[in-house]
Amino acid sequence: MELLLAIVAGALYATGLYLMLRRRLAQLIVGLGLLSNGSNVLILAAAGVTRGTPPIITDTAVTADQFADPVPQALILTAIVIGFGVLAFSLVLAHRVHQSVDSDDIDMIRSDF
Amino acid sequence: MLLALPILVPLAIAIALQLLPHRPRLLRSIAFAGALAILATAISLLVRVEAGGIQVLQVASWPAPFGITLVADLFSALLLVMVGIIGVAITGVSFAGVDPRREALGYHPLILVLLMGVSGAFLTGDIFNLYVWYEVMLIASFVLMSLHRTRAQLHAAFTYVGLNLLASAFLLTAIGLLYGQAGTLNLADLARAWPERRTPALDAVLSMLFLTAFGIKAGLFPLFFWLPASYHTPPAAVSALLAGLLTKVGVYSMIRVFTLLFPDPGAGVYALILVLSATTMAVGLVGAIGQRDFRRVLSFNLVGHIGFTTVGLALWTRAGMAASILYLLHHMLVITSLFLISGLFLRQRRTTDLRALGGVYQTQPVVACLAMVPLFSLAGVPPLSGFIAKLAVIGAVLDTGHYWLAGVALAVSLLTVMSMARLWDESFWKPAPAPSTQAPLGATILTPIAWLVALTLGLTAAAGPVYTLSLRAAGQLLDPGSYVRSVLGEEATRVAR
């Protein structure tokens with residue numbers, strides 16, 4: 001499972017970075033989204049995936065390391081929320097660029113330099 | 001409680017500013033009062049840290065590695081005072097008028113949110129919270145940057161947003177990998193457990209990821225290109241705020257995270273940081289020489305001088321770290337006042353292109369005198385603060401025997417003198433190409449600049465005590481054990497270095 005997640009994370013990073021190198025703003029934004037999802041998957045994979053043991057302790061005799069670690073999920077949740085906000089902002093910015101320049105080519109914006 | 005105030009005060013003020021009726025004078029006064037309150041809490045925090053050592057707040061009394069921890073050592077407290085000082089100057093400038101559309105869209109609350117983010121980054125004792133504070137100040141700075149819609153500003157905003165989000169992704173990746181291996185995010189807990197593990201391969205990966213993330217934020221060579229491409233377009237007060245605070249948060253985090261996580265001065269990453277610092281200085285200042293716009297010259301100077309502030313980390317000596325801290329304080333004051341001065345040109349001439357400026361020395365000697373202090377302080381002309389800070393850095397470099405680096409620093413200082421002399425000549429001394437049509441500048445806009453100039457002179461006069469304080473701050477940074485003990489309690493002592 002970890003291996004699969006690692007491959008998925010790698011693929012997301014690669015596509016994200018590739019799209020960020022493109023000139024079109026829409027692709028840049030999709031790239032940013034993929035990149036932040038890549039890091040979320042990576043957090044999950046790096047912390048290890050534990051099946052079938054939710055972190056709810058009913059029997060006090062067992063130790064904590066038998067359970068899934070809830071912290072990475074909390075981190076991912078925070079990162080998703082932040083990433084969503086940032087993505088929404090970038091979309092609005094791109095929309096304004098499109099309104100004022102009538103193009104989503106990043107090199108077209110600076111034509112009045 | 002005092003530790004949480006530099007975060008809570010701006011948050012409360014920002015919320016209040018959103019709720020209050022839209023009366024510019026009222027909003028400006030409240031934002032200014034908020035900045036003053038940040039300054040007051042920061043100073044009392046500094047006094048307390050100075051007297052009582054590292055201060056720690058475990059939020060809601062959750063014990064250290066599990067809850068949210070706020071930590072203030074001398075380094076953070078000194079920088080927090082700078083947040084207050086710069087905040088007061090920036091909110092003070094608003095009294096001289098803000099673009100009404102900007103003001104209606106929440107200019108003042110955003111400034112306060114940005115100050116909150118920066119304070120949070122300086123205070124947090126948890127590496128994931130550091131990421132969260134980064135996002136808080138980034139989103140505030142994004143909106144501040146893109147409240148306008150000229151093409152140049154939009155282009156600059158996109159460059160800025162894209163590169164900074166990339167840096168955030170790198171930071172998050174590093175944090176995820178670190179958590180996967182160490183199982184904790186508390187900086188003190190990491191400092192206790194991480195260096196003991198001795199996993200050179202993972203250390204190399206993590207240090208490179210952190211270096212890339214913080215390097216982009218700090219504007220380190222070769223990751224700085226977004227900075228001169230974006231800092232010259234927003235209104236002067238905004239670029240002054242960003243220039244004074246944001247890159248410094250990158251430097252701060254780099255010093256904080258590297259001293260705690262990789263306390264091995266022999267690690268290859270420090271040799272790399274040394275080379276990168278030298279290259280940053282050289283490339284930044286060579287870049288400044290070729291520019292023809294007041295603010296672009298300043299942006300390149302901002303980049304170049306970041307090199308001086310990261311040298312201390314690379315040298316890993318007490319004198320080096322102290323010199324870098326002193327340089328950081330000096331640079332924050334000076335670069336903010338210079339960006340504010342560029343705002344005077346924007347107000348009077350509608351441009352900061354050097355070819356269109358001039359004649360200030362004849363027509364407005366007071367403004368010229370005010371500008372002279374930060375210009376020549378940045379250039380390192382004795383006896384101003386820049387000279388003392390550069391002397392400290394170069395002295396520390398010579399102590400460690402890196403003579404080539406001292407050579408680079410001296411050559412870069414010469415280039416700074418050239419670029420500052422050019423700014424002085426082109427924008428103040430030479431006759432104005434066309435007489436200014438605008439009204440003379442009032443006291444409202446000059447007072448915040450005078451405040452920063454007075455503090456620059458104060459830093460010059462009090463350089464001795466401030467340097468002693470920086471030495472103590474450097475001592476704390478180089479002894480991660482004291483940080484660990486303060487956060488985790490005495491029982492952690494046995495494992496800490």
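1. Helix α7 (residues 151-182) of chain B packs against helix α9 (residues 200-218) of chain B at an angle of about 155 degrees, and their axes are 8 Å apart. Here axes are lines fitted to C-alpha atoms, for helices over the stretch in contact, and angles run from 0 to 180 degrees between N-to-C directions. Helices (H or I, at least four residues) and strands (E, at least two) are DSSP runs, numbered from the N terminus. α7(B) and α9(B) are therefore roughly antiparallel to each other; angles over 145 degrees count as roughly antiparallel, under 35 as roughly parallel, 65 to 115 as roughly perpendicular and the rest as oblique.

2. This is a predicted model, in which local features need pLDDT of at least 70 and side-chain atom pairs count only at pLDDT 80 or more, while totals for chains, interfaces and linings use all residues. Residues are numbered from 1 along each chain as its sequence is written, and chains are lettered from A and ligands numbered from 1 in the order in which they are written.

3. The crossing of α7(B) and α9(B) is left-handed. A crossing is left-handed if the near helix is turned anticlockwise from the far one by less than a right angle, and right-handed if clockwise. On the α7(B) side the contact is made by L163(B), N164(B), L166(B), A167(B), F170(B), L171(B), T173(B), A174(B), L177(B), L178(B) and Q181(B). On the α9(B) side it is made by L202(B), L206(B), L209(B), F210(B), T212(B), A213(B), I216(B) and K217(B). Two residues are in contact if their C-beta atoms, placed from the backbone, lie within 7 Å. By class, the residues of this contact of α7(B) with α9(B) are 14 nonpolar, 4 polar and 1 charged. Ala, Val, Leu, Ile, Met, Phe, Trp, Tyr, Cys and Pro count as nonpolar, Asp, Glu, Lys and Arg as charged, and the others, Gly among them, as polar.

4. The crossing of α11(B) and α13(B) is right-handed. From α11(B), S239(B), A243(B), T247(B), V251(B), M254(B), I255(B) and F258(B) meet R295(B), L302(B), I306(B), T309(B), T310(B) and L313(B) of α13(B). The contact of α11(B) with α13(B) holds 8 nonpolar, 4 polar and 1 charged residues.

5. Chain A has 4 helices and 0 strands, in the order α-α-α-α along the sequence. Of its 113 residues, 34% are buried. A residue is buried if 20 or more other C-beta atoms lie within 10 Å of its own, exposed if 12 or fewer, and partly exposed in between, with C-beta atoms placed from the backbone. Among contacts in chain A between residues at least 6 apart in sequence, 59% join residues at least 24 apart.

6. Where the two chains touch, the contact takes 31 residues from chain A and 24 residues from chain B. On the chain A side, the elements that give two or more residues are α2 (25-47), α3 (71-101) and α4 (106-109). The largest share of that side, 14 residues, comes from α3(A). The side of chain A that touches chain B divides into 21 nonpolar, 7 polar and 3 charged residues.

7. The largest nonpolar core has 230 residues, of which L78(B) and V393(B) touch the most other members. A nonpolar core is a set of buried Ala, Val, Leu, Ile, Met, Phe, Trp, Tyr and Cys residues joined through C-beta atoms within 7 Å. Leaving out residues up to four places away in sequence, L78(B) touches L46(B), I325(B), L329(B), L469(B) and A473(B).

8. Some backbone details in chain B deserve a look. Most residues other than glycine have a negative phi, and most peptide bonds are trans. F221(B) and P222(B) are joined by a cis peptide bond with omega about -5 degrees; P222(B) lies in the loop between α9 and α10 (226-230). Another cis peptide bond joins P382(B) and P383(B), with omega about 0 degrees, and P383(B) lies in the loop between α16 (365-379) and α17 (385-399).

9. A60(B), not a glycine, has a positive phi of about 60 degrees. A60(B) sits in the loop between β1 (55-58) and β2 (69-72) of chain B and counts as exposed, with 7 C-beta neighbours inside 10 Å. W316(B) also has a positive phi, near 60 degrees. W316(B) is in the loop between α13 (294-315) and α14 (318-349) of chain B and is buried, with 21 other C-beta atoms within 10 Å.
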